[in-house]
Amino acid sequence: METNSEKEVLFNPGCESVVDDEERRRLLWLMAEYFRTIGYSDIKARLPGFMPPPVLSGTIEDHRPDFTCRQSDSARTPIILEIVTPGMVDDPTAENRWSLLASAAKLYNAELHFVVPKWSINGPVDPALKRRLSRMELTVNRVWTV
């Protein structure tokens, strides 16, 4: 018998409560530990042992952010964070996901951050991601290279 969460995963890729890609999971662990260390609160991550961020409902498809938290500023500004591996930079299916995350960031007055590996076998990832996000006309607060 399937549970609702199992059905959610079967019908909504991108809504899983834990990231299954090992490279993305490694980067997500680094960011979760970093934000916890600097005192950010309400940390939710698609990692084992963490409460997953809530699923965002979109007009085309639903998605769960990789990571959310609140900054330690007086407004407790939210952050929505997405992990992007080299193979995802040119993936056409990422556009709906990234557009939904950008819309959610605007709606919740949150910052939208992307995280990429510092280097891949094809060279740096962040310039290609920044070009794609610019072509999509998405407002991004920061692209982290780790």
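Two strands are taken to pair if DSSP finds at least two bridges between them. Strands (E, at least two residues) and helices (H or I, at least four) are DSSP runs, numbered from the N terminus. The structure is a predicted model, in which local features need pLDDT of at least 70 and side-chain atom pairs count only at pLDDT 80 or more, whereas totals for chains, interfaces and linings use all residues. Residues are numbered from 1 along each chain as its sequence is written, and side-chain values use heavy atoms, with hydrogens and water left out.

Val116 stands opposite Thr145 in β5, and His113 has Arg142 of β5 as its bridge partner. Strands β4 (residues 111-116) and β5 (residues 142-145) run parallel and are joined by 4 bridges. Between them the chain passes through helix α4 (residues 126-135), a right-handed β-α-β crossover (with the strands pointing away from the viewer, the path from the first strand over the helix to the second runs clockwise).

An open sheet of mixed pairing is formed by 5 strands in the order β1-β2-β3-β4-β5. Because β1 (41-45) and β5 each have a single partner strand at the edges, one side of each is left without a neighbour in the sheet. Helix α2 (residues 22-37) packs on the sheet and touches β1, β2 (67-70), β3 (78-83), β4 and β5, contact meaning heavy atoms within 4.5 Å. The direction of α2 makes about 155° with that of β3, where axes are lines fitted to C-alpha atoms, for helices over the stretch in contact, and angles run from 0 to 180 degrees between N-to-C directions. Helix α3 (residues 94-107) lies across β3 and β4, at about 170° to β3.
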